[in-house]
Amino acid sequence: MKLTDYEKEMYDGVHGRAKARAMDLLVRYGEALGAERLVETNNVAGAFNASTPSVRELVKKGFDAVYSELNLDSTEVVEIPKMVAHTCQLITGIDNANWRVQGIADDLAEQQKKGEQYFGSRGINMFATCTPYQVGNVPVKGEHCAWMESSAVVYCNSVLGARTNTEGKESTGAAALTARIPYWGYHIKENRRGTHKVDIEIEVDDIMDWGLLGYYLGEIIDDEIPVLTGKYRQPSLIKLKHFGAAAASSGGVEMYHIPDITPEARTIEEAFSGNAVRGMVRYGEAERRTAYENLNCATDRNVDFVMLGCPHNSIDQVWLIASLLDGRKISANTQLWVHTPRALREVADRNGYTKMITDAGGFVMSDTCPAISRHMPKGTKVVATDSAKQAHYLPAITGVAAWFGSVKDCVEAAVNGRWNGGLS
Amino acid sequence: MSADTAAALVIRIVLRGRKVVGGCAEGEAIVTRDTISGWGGINEREGTVIERRHELRGQSFKDKVLVFPGAKGSSGWSAYFHMTRLNNAAPRAMIFNKMTTKVALGAVVTHAPAMTELEQDPLQVIETGDWVKVDADNGIVEITKRKR
């Protein structure tokens with residue numbers, strides 16, 4: 001790989017051991033990819049937290065050791081200086097205020113807080129959400145980023161027109177210290193053109209339908225670039241957030257175009273920009289039903305746990321849930337957790353939305369989600385969620401059965417303790 | 001049957017490809033046509049596939065040569081394969097078809113020899129149970145077919 005003089009200096013250790021180890025990882029990674037060079041980035045979203053039981057042993061050696069091993073793939077423990085790129089923390093495993101509700105040991109919560117002091121002192125912003133774009137990190141079209149979190153990556157590329165590959169814990173750790181990332185994949189304009197045309201034959205409008213469409217497409221298209229055409233209505237941040245998260249769970253979609261809506265596709269022609277259409281995908285009633293059936297693996301209609309907010313809810317979604325719960329009580333057999341970024345929780349508290357949800361018997365959670373933390377209310381066997389992503393991962397990770405449906409279906413399940421949702 | 005005829009029945013195939021991570025290792029192949037998720041798709045302590053509708057569900061790639069189409073799903077791919085290494089549950093080598101950032105970084109941090117762009121589709125040539133040597137430094141994969 002070709003390095004600039006400054007990059008060579010970093011690689012050779014002129015600017016310290018941490019940058020040398022970071023460059024070593026970036027070069028190994030870039031060569032594995034077949035990248036010719038690195039590109040400058042000043043927008044990194046990564047996973048720097050130390051909140052899982054498996055890092056307990058490593059934490060005893062100090063947070064420099066944690067960062068060296070887990071964020072730089074370096075067996076040499078190096079002293080970590082301040083980050084040089086703007087950097088934020090994505091979702092973590094522990095809610096810093098509600099860890100006991102999650103069933104997490106006090107010492108692990110303490111470990112996360114200590115870790116955050118260390119990472120914060122090096123300039124890593126503790127957004128602690130899978131949706132940095134909901135709390136102020138909104139990259140500009142064309143901006144080179146180094147983001148993790150598949151649902152955020154697909155949003156960053158497709159909706160914002162900024163450029164990132166799906167980075168990992170180690171590459172973002174190295175990028176934050178060097179402001180560099182391999183110039184490969186979605187950083188290169190011609191790799192961002194559409195590959196598959198999707199004909200949407202049924203009306204796609206509500207959040208649930210955007211989730212189903214994404215879940216179906218991911219499985220068919222894997223990591224190619226779909227161009228949506230047909231009968232969808234104007235989407236919003238919330239709907240595209242769910243669509244992308246679903247497509248990045250069943251498959252590896254990192255980029256899509258919606259002509260006249262997303263920034264790199266004013267028209268269908270521009271979406272493909274001369275690329276041959278490699279495949280056509282039809283999406284009708286049968287495909288919608290297939291996605292629904294693949295997501296709903298539960299048979300028992302008694303619901304133990306309702307999870308809302310994957311990806312993390314916007315404040316408008318918190319309001320919708322609060323409104324649906326207003327003056328009602330959640331079933332004694334069911335728990336409800338509503339997830340939103342910490343910064344938006346502040347607004348929910350101020351607006352009284354949190355009180356509406358807690359008065360009904362629910363919890364408003366931040367910083368984490370059940371799939372990441374692997375924690376749900378004790379004894380949960382059946383979960384209901386409005387998130388295709390959570391319905392995809394929770395059964396695999398924790399062995400629970402899942403119902404997937406609309407926000408309204410999920411709130412009704414919380415109140416009645418029974419699943420009565422279905423396809424309309 | 002004489003030893004000579006038995007030896008003659010051993011089928012060896014040599015394929016060239018591109019190095020992703022250097023080194024040389026050999027072991028029994030575990031082959032899947034399904035792409036693999038890291039976070040949410042594998043158990044990092046046992047090296048087992050846990051995805052609900054995956055053809056390898058419940059099977060472990062620990063100490064085997066993992067032959068698969070590529071990576072999908074969460075960006076936790078590399079972190080989870082990284083942890084399989086720290087937990088001694090990593091594959092001995094990897095062979096895959098489709099290059100992505102997830103699989104590239106995951107292979108790099110697993111520290112196991114890895115190759116891609118083989119001259120023939122490894123999913124067609126290699127079957128679970130075959131003995132496979134991945135000499136990534138020299139860009140060579142040597143397959144000894146299991147007797148069937």
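**View 1. Strands β11 and β12 of chain A lie side by side in a predicted model.** Strand β11(A), residues 335-339, and β12(A) pair in the parallel sense over 3 bridges.

**View 2. The parallel open sheet of chain A, with a helix packed on it.** The sheet is built from 5 strands in the order β12-β11-β10-β13-β14 of chain A, and the pairing is parallel. Because β12 (363-365) and β14 (401-404) of chain A stand at the edges with a single partner strand each, one side of each is left without a neighbour in the sheet. Direction ignored, neighbouring strands of this sheet are turned against each other by 25 degrees on average. Helix α18 of chain A, residues 407-416, packs on the sheet and touches β10 (305-308), β11 and β13 (382-385) of chain A, while its direction makes about 150 degrees with that of β10(A).

**View 3. Helix α17 of chain A is mostly covered.** Of the 11 residues of α17(A), which spans 388-398, 10 are buried. The buried residues include K389(A), Q390(A) and H392(A), together with Y393(A), L394(A) and I397(A). Following the helix α17(A) comes G399(A), whose phi is positive, near 80 degrees.

**View 4. Domain 2 of chain A meets domain 3 of chain A.** The domain assignment of chain A gives domain 1 as 5-188, domain 2 as 193-294 and domain 3 as 296-416. Taken over C-alpha atoms, the centres of domain 2 and domain 3 of chain A are separated by 26 Å. In the contact between them, 16 residues of domain 2 of chain A meet 13 residues of domain 3 of chain A. On the domain 2 side, the elements that give two or more residues are α9 (207-221), α10 (237-250) and α12 (285-295) of chain A, and α10(A) gives the most, with 7 residues. By class, this side of domain 2 of chain A divides into 9 nonpolar, 4 polar and 3 charged residues.

**View 5. The side of chain B that touches chain A.** Here 27 residues of chain B are in contact with 31 residues of chain A. The elements of chain B that give two or more residues to this side are β2 (18-21), β8 (71-72), α2 (77-86) and α3 (101-110). The most is given by α3(B), with 7 residues. In the make-up of this side of chain B, 13 residues are nonpolar, 10 are polar and 4 are charged.

Note on methods. Residues are numbered from 1 along each chain as its sequence is written. Chains are lettered from A and ligands numbered from 1 in the order in which they are written. This is a predicted model: local features need pLDDT of at least 70, side-chain atom pairs count only at pLDDT 80 or more; totals for chains, interfaces and linings use all residues. Two residues are in contact if their C-beta atoms, placed from the backbone, lie within 7 Å. Helices (H or I, at least four residues) and strands (E, at least two) are DSSP runs, numbered from the N terminus. Ala, Val, Leu, Ile, Met, Phe, Trp, Tyr, Cys and Pro count as nonpolar, Asp, Glu, Lys and Arg as charged, and the others, Gly among them, as polar. Domain bounds come from an automatic or database domain assignment. A residue is buried if 20 or more other C-beta atoms lie within 10 Å of its own, exposed if 12 or fewer, and partly exposed in between; C-beta atoms are placed from the backbone. Two strands pair if DSSP finds at least two bridges between them. Axes are lines fitted to C-alpha atoms, for helices over the stretch in contact, and angles run from 0 to 180 degrees between N-to-C directions.
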